[in-house]
Amino acid sequence: MSTRPLLNRRLEGMGTTIFAEMSALATATGSINLGQGFPDTDGPEEVREAAVRALREGLGNQYPPGPGVPELRAAIAEHQQRFYGLSYDPDTEVLVTAGATEAIAAALLALLEPGDEVIAFEPFYDSYAACIAMAGAVRVPLTLRAPAFRPDLDELRSLITPRTRLLLVNTPHNPTGTVLTPEELAAVAELAVEHDLLVITDEVYEHLVFTGAHHPLAALPGMRERTVAISSAGKTFSFTGWKVGWVTGTPALVAAVRTAKQYLTYVSAGPFQYAVAEALRLPDSYYADFRADLHRKRDLLAAGLATAGFRVFEPQGTYFITTDITPLGEKDGTAFCRALPERCGVVAIPNAVFYDDTEAGLSQVRFAFCKRTEVLEEAVERLHGLHGLRGLHAR
């Protein structure tokens, strides 16, 4: 047998994701899973019925068109115009993907050469690091630090070198919940134009903003021609298993991303594409009610975590709450999360896995609040048991 490692060295240290580990732990212990970001109820019934209707009518049961079904591409273009005043040609400037995760992978693989540098806000979604590595590029983190988790724009400028190719911007930001302000976005845009950088924006939580508003970077001067904007249906419509995402950008950018994407899944989610086309055209009331429901759940869990002894960093968007465990007498978020199911029957995610600078997130733990109200209430009740267990744990 060869002594050469089987795994590509670019992926060293990227074994089973923390989400798989913690979800398996939740199942094994019967714990409430507030770790992985998926709802515990389905989205709108009319959207689910649209998928059933598509299946029965034979829509998408065979390979759909590579760029996505025309109905969905048209709906995505309408969505961008409706909410942001951005005009995209559905035939040349919209690409449907297998969720936002594939869109990110295809964009990074298409646009990067080995040795290119990518600046990304950390903590970052774990697939960013893996996809940058697979492209042979180098990730350069800009650390968002507690308690505010705002980007240091002077530091961002200092990180740009002649090797910088791309900025990877996630707003609303997972896991911190930070929503970039118009002023912050304008500063990022100015740097991108000044240094002729490409930008990928991950906007999957665009409709889950509780403080402020979501502003697409592509709408700013000089940015449309250099921005690959990515979003998906999973978070907005609570059908995360359907894996329907999309890319919008100029014809040249979309063609580049499509070149890589066609060798990943080629196509996916045929019948679901027709359903998502209908979902995107739901009335404004749907989006408002969806946001209000998650806002209430955010407040419920945030208050419960605070009374359980956590330091809570209230998120401006997404459906995650970042906390600090040091008030509980704890320091290591990873060890804390691995012990938490046995201690009180709740699963969370340690933020350290989202950092290169692990010390910056060592004591941070993320909880998801995209669950039924009664589930969140039960989780809060269980977490209050940490007070009684703290002394035992310390021994």
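Buried, as used here, means under 20% relative accessible area, with exposed meaning over 50% and partly exposed in between (1.4 Å probe, protein chains only). The structure is a predicted model, in which local features need pLDDT of at least 70, side-chain atom pairs count only at pLDDT 80 or more, and totals for chains, interfaces and linings use all residues. Residues are numbered from 1 along each chain as its sequence is written, and side-chain values use heavy atoms, with hydrogens and water left out. Helices (H or I, at least four residues) and strands (E, at least two) are DSSP runs, numbered from the N terminus.

β13 belongs to an open sheet of 4 strands, in the order β9-β10-β13-β12, with antiparallel pairing. Two strands count as paired if DSSP finds at least two bridges between them. At the edges sit β9 (311-313) and β12 (349-350), each pairing on one side only.

On one side of β13 (residues 364-368), β10 (residues 320-324) pairs with it in the antiparallel sense over 5 bridges. Here Asp-324 has Gln-364 as its bridge partner, and Ile-321 stands opposite Phe-367. Helix α11 (residues 284-307) packs on the sheet and touches β9, β10 and β13, its direction making about 15 degrees with that of β10. Contact, or touching, means heavy atoms within 4.5 Å. β12 also pairs with β13 in the antiparallel sense, over 2 bridges, and Pro-350 has Val-365 as its bridge partner.

A nonpolar core is a set of buried Ala, Val, Leu, Ile, Met, Phe, Trp, Tyr and Cys residues joined through side-chain atoms within 4.5 Å. The largest one has 103 residues, and Phe-310, Phe-367 and Leu-383 touch the most other members. Helix α4 gives the most to this core, with 8 residues. A second, separate core of 23 residues includes Leu-144, Val-169, Val-188 and Met-223.

Leu-383 is found in helix α13 (residues 373-383) and is buried, with a relative accessible area of 1%. Not counting residues up to four places away in sequence, Leu-383 touches Leu-305, Ala-308, Phe-310, Leu-340, Cys-344, Val-346 and Phe-367.

Axes are lines fitted to C-alpha atoms, for helices over the stretch in contact, and angles run from 0 to 180 degrees between N-to-C directions. Among the contact residues are Glu-102 and Ala-106 of α4 and Leu-253 and Lys-261 of α9.

Finally, Pro-151 lies in the loop between β4 (138-143) and α6 (153-159). Pro-151 is buried, with a relative accessible area of 9%. Leaving aside neighbours within four places in sequence, Pro-151 is in contact with Phe-121, Leu-142, Leu-144, Leu-180 and Glu-184.
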